[in-house]
Amino acid sequence: MLFEDRYFGLIKCGIGFIGVALFCVFVHFLLDFYISGGKFLWLNEPEAKITTINVTTIGNTLTPEILMEYLEVKKGKELFSKEDGDGIFSNVFSSRQKKIISMAPTLLTLSVSRYFNGTVDIKSSERVPLARIGGSGMPLAVSSDGVIFVCRRSDIENIVSIEGVPLTAIRLGHTLTSLRMAVAALRFLERTADGDLPISISALSSVNVSSKDYISLVFRDGRVAKLAWDYMTSADAEKGVAYLEAQVLGLAGSMQDPRGFRKFDATIMGRCSASK
């Protein structure tokens, strides 16, 4: 009995030792794989190279060639590199990705995925211009969230412009959210862009935000209107939506008057005056 206990005890110790040894080998294997940048040094395997690059872009400012250049992605280059700075188990070139996004506010999203078969997938989407800014001849636009960016659309001159913004505030990558009336203009334009109100963004030539109390609308047919509504610059954007819609409906009704008025004032809730 004593012999059997010692025998089985030795077997248990042996199994435990083997388990520890296997665990150490596994840890060494993972460390070797990580440090080598995805290459098994102990097998002396060749470095993985980029063989295929797929680029999908939504927009027309940043071309696939520009994205590949800034991301330093090209065929024949190492698929995994220590300089990526984001670890072998991550599939995003985080440092380069952050750099290009900071340099190009036109980008809304950017992702880069790597696969062990040598394929790199790049996907990007650009901001959608809600309005022009900066004056005629400048390819600058502003998105619904207030970010200023370069827009290369061929029809940019046909997009409504936001005017009255100080030149010091018009800088690439900056937002207009600190300017109260600019915020109101963006909310008005975004709401009228939906197409379910009697006043459409396509009917507008410009929106001036130089006043502290209202926004000035200039229509493509030459008519002008002053517009204000309750909570138009509130931190809670949804709070003023119903008031904006009601005021737009009132303004639209006055603009349909057959007497041909050219100037309108809808700065007081529930009222709209008109004159020639």
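The model is predicted: local features need pLDDT of at least 70 and side-chain atom pairs pLDDT 80 or more, whereas totals for chains, interfaces and linings use all residues. Residues are numbered from 1 along each chain as its sequence is written, and side-chain values use heavy atoms, with hydrogens and water left out.

Colour next by secondary structure: the chain holds five helices and 12 strands (DSSP runs numbered from the N terminus, H or I of at least four residues for helices, E of at least two for strands). Of its 276 residues, 38% count as buried (under 20% relative accessible area; exposed is over 50%, partly exposed in between; 1.4 Å probe, protein chains only).

Now select helix H5, residues 241-255, where Ser254 lies. Ser254 is buried because its relative accessible area is 19%. Leaving aside residues up to four places away in sequence, Ser254 touches Phe264 and Cys272 (contact means heavy atoms within 4.5 Å).

Then display the aromatic rings, where the count comes to one pair (rings of Phe, Tyr and Trp, the last by its six-membered ring, with centres within 6.5 Å; planes under 30 degrees apart are stacked, over 60 edge-to-face, the rest tilted). Tyr231 and Tyr243 have ring centres 5.6 Å apart and planes at 50°, so the pair is tilted. Tyr231 sits in the loop between strand S10 (224-227) and H5, and Tyr243 in helix H5, 12 residues apart. Tyr231 is partly exposed at 40% relative accessible area, and Tyr243 is partly exposed at 32%.
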